[in-house]
Amino acid sequence: MTFSVHGLAVSRGIAIGRAVIVASSRVDVAHYFVQAEEVEGEIERLRHARNAVAEEILKVQHSLNELESTDAHPELTALLDVHLMLLQDEQLTSGVKHWIVDRHYNAEWALTTQLEVIARQFDEMEDPYLRERKADLEQVVERMLRVMRGVASPVAGGSRPVHDNTSEVPLVLIAHDLSPADMLQFKQSVFAGFVTDVGGKTSHTAIVARSMDIPAVVGARSASHLVKQDDWVIIDGDAGVVLVDPSPILLAEYGFKQRQGEVERERLSRLKNTPAVTLDGQKIELLANIEQPEDAAAALKAGAVGVGLFRSEFLFMGRDGKLPDEEEQYQAYRRAVEGMQGLPVTIRTVDVGADKPLDRSASRAGEDHLNPALGLRAIRWSLSEPSMFLAQLRAILRAAAHGPVNLLIPMLAHASEIRQTLVLVNRAREQLASAGVPQGAVKLGAMIEVPAAALTIPLFLRHFDFLSVGTNDLIQYTLAIDRADEAVSHLYDPVHPAVLHLLASTIAQCREQGKGVSVCGEMAGDVTLTRLLLGLGLRSFSMHPSQILAVKQQILRCDTGRLQTWAQSVLAAEDPAALMVD
């Protein structure tokens with residue numbers, strides 16, 4: 001029976017496929033297909049892991065029996081017996097073999113898939129004792145995964161090929177939550193789209209989904225509980241709807257929509273080499289936001305004239321507490337600079353915290369805060385870890401020797417932070433010079449994403465060559481809304497009068513002083529806001545490569561002279577959204 005789950009539309013397009021339910025704690029399990037001749041080997045890996053765990057349990061039981069008083073451990077003894085029985089459970093072993101033999105899942109993926117199937121059965125049991133046995137099953141599976149991890153292939157398919165003969169049926173991922181680091185692992189994955197129970201429209205998980213240009217819905221609340229393993233699912237990334245067990249008529253309808261989307265993208269691709277110039281001759285700069293050096297290729301393919309935001313924090317995440325050193329960062333930044341073939345690259349210093357935490361062992365930025373969005377994040381963390389910050393600054397300055405680089409500092413709000421930052425930038429330059437290491441000149445910029453910064457623009461213009469408005473955080477902090485929380489997502493309003501006044505004032509002051517200003521937040525890539533931003537005087541937009549051509553199409557149809565008067569009326573309105581309708 002068909003039913004729908006509603007969430008937030010965060011990444012356009014339609015995905016149709018079988019559901020793969022993954023618990024958040026097991027997102028990092030390898031997901032790839034195996035060839036027919038590899039099936040027996042995967043079953044053997046599974047058998048080896050099961051036997052190894054059983055041997056571990058038997059050793060523990062043996063050591064307990066050797067103790068003088070085994071009566072002191074009756075509960076432990078009983079628990080070990082339960083774990084042994086679960087290891088031999090026919091439903092577990094036969095189910096895992098089904099996923100390997102029939103669907104060609106690798107052993108780890110098959111194991112966690114069957115775990116989700118059985119776990120749901122435990123959840124539906126009336127007896128509380130039996131329901132609690134789900135935790136025992138999860139522990140057994142985790143132990144088997146640890147045994148297999150030594151020979152497991154990279155997460156999400158990494159270096160494994162996705163074979164044509166086994167990937168004819170598309171797959172979509174359903175999870176309670178995905179971290180931004182998890183999302184990066186899916187860039188070369190087997191999944192055609194994803195759905196999460198939690199998350200906001202401008203959470204970094206949603207942002208990375210848009211950068212991958214795959215259909216996604218977040219904030220779907222109970223999707224991971226309502227959808228069953230292997231259900232047919234349609235993800236409508238435009239409407240924020242998930243259709244489960246769709247009828248043949250719905251499948252045909254959405255299949256048509258899917259093909260229409262592909263035709264539209266093909267049509268837009270013809271604009272790649274068309275200059276972004278308005279009807280009245282205003283040249284508009286369209287830049288790309290990237291997360292990894294390899295994303296430079298997508299930026300060029302979309303016709304970007306540079307990188308307006310390289311989010312360096314993704315080099316720091318998902319590393320089990322080991323931060324990248326100066327040399328590793330330098331090589332990454334250099335690849336991005338060289339990948340852009342002489343076009344400018346703006347590298348933002350590490351912006352961790354809030355919904356982009358580091359591993360707990362990495363630093364204080366990984367600690368829990370009462371409110372992570374207001375805690376030790378972005379430049380605050382960098383200034384608290386000067387040796388780390390200097391290493392990053394040196395790496396960026398070294399990369400600038402290979403092409404034009406702009407250095408962007410996130411979340412500045414205080415004059416004291418600006419002074420400390422400038423001191424460290426100069427120190428990094430001096431350290432490289434004294435060591436005789438080549439470095440390049442960089443333009444220095446600041447992110448305007450805190451209301452305090454937007455209200456003190458003259459201070460920033462005295463110290464920086466350019467400004468970049470991070471509208472995601474500016475909206476969050478202006479309206480006191482957690483942008484990752486779907487419960488308040490309806491209050492997240494890019495055209496709230498307060499937000500628009502801060503944005504318009506920032507743009508106007510930069511233009512008066514002849515300083516560059518761009519918007520690198522999600523507003524820049526929202527085609528419904530392109531006309532308004534142009535009317536407010538913005539001439540530099542930075543967005544994910546997948547959004548560039550659609551925004552360019554809007555720009556080619558606009559006359560900024562006419563838009564200016566309209567934009568001022570929107571700015572003066574009590575309800576700006578009412579004037580945004582064409």
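1. A disulfide is here a pair of cysteine sulfur atoms within 2.5 Å. A search of the whole structure on that criterion finds zero disulfides. In general terms, a disulfide is a covalent bond between the sulfur atoms of two cysteines. Buried means under 20% relative accessible area, exposed over 50%, and partly exposed in between (1.4 Å probe, protein chains only).

2. On provenance, this is a predicted model, in which local features need pLDDT of at least 70 and side-chain atom pairs count only at pLDDT 80 or more, while totals for chains, interfaces and linings use all residues. Residues are numbered from 1 along each chain as its sequence is written, and side-chain values use heavy atoms, with hydrogens and water left out.

3. Overall composition. The protein chain has 21 helices and 16 strands; helices (H or I, at least four residues) and strands (E, at least two) are DSSP runs, numbered from the N terminus. Of its 582 residues, 55% count as buried. The accessible surface comes to about 24900 Å², and 53% of this belongs to carbon and sulfur atoms (Shrake-Rupley method with a 1.4 Å probe; for residues, only the protein chains shown count as cover). Among contacts (heavy atoms within 4.5 Å) between residues at least 6 apart in sequence, 71% join residues at least 24 apart.

4. Helices 9 and 20. Helix 9 (residues 248-269) packs on helix 20 (residues 545-556) at an angle of about 65 degrees, with the axes 9 Å apart. Axes are lines fitted to C-alpha atoms, for helices over the stretch in contact, and angles run from 0 to 180 degrees between N-to-C directions. The two helices are therefore roughly perpendicular to each other (65 to 115 degrees). On the helix 9 side, the contact is made by Glu264, Arg267, Leu268 and Ser269; helix 20 supplies Leu549, Ala550 and Gln553.

5. Helices 11 and 13. Helix 11 (residues 326-339) and helix 13 (residues 386-399) pack at about 35 degrees, their axes lying 8 Å apart. Residues of helix 11 that meet helix 13 include Tyr330, Tyr333 and Val337, and their counterparts in helix 13 include Ala391, Ala395 and Ile396.

6. Ala206. This residue lies in helix 7 (residues 204-212) and is buried, with a relative accessible area of 0%. Leaving aside neighbours within four places in sequence, Ala206 is in contact with Val10, Gly200 and Lys201.

Technical notes:
Parallel < 35°, antiparallel > 145°, perpendicular 65-115°, else oblique.
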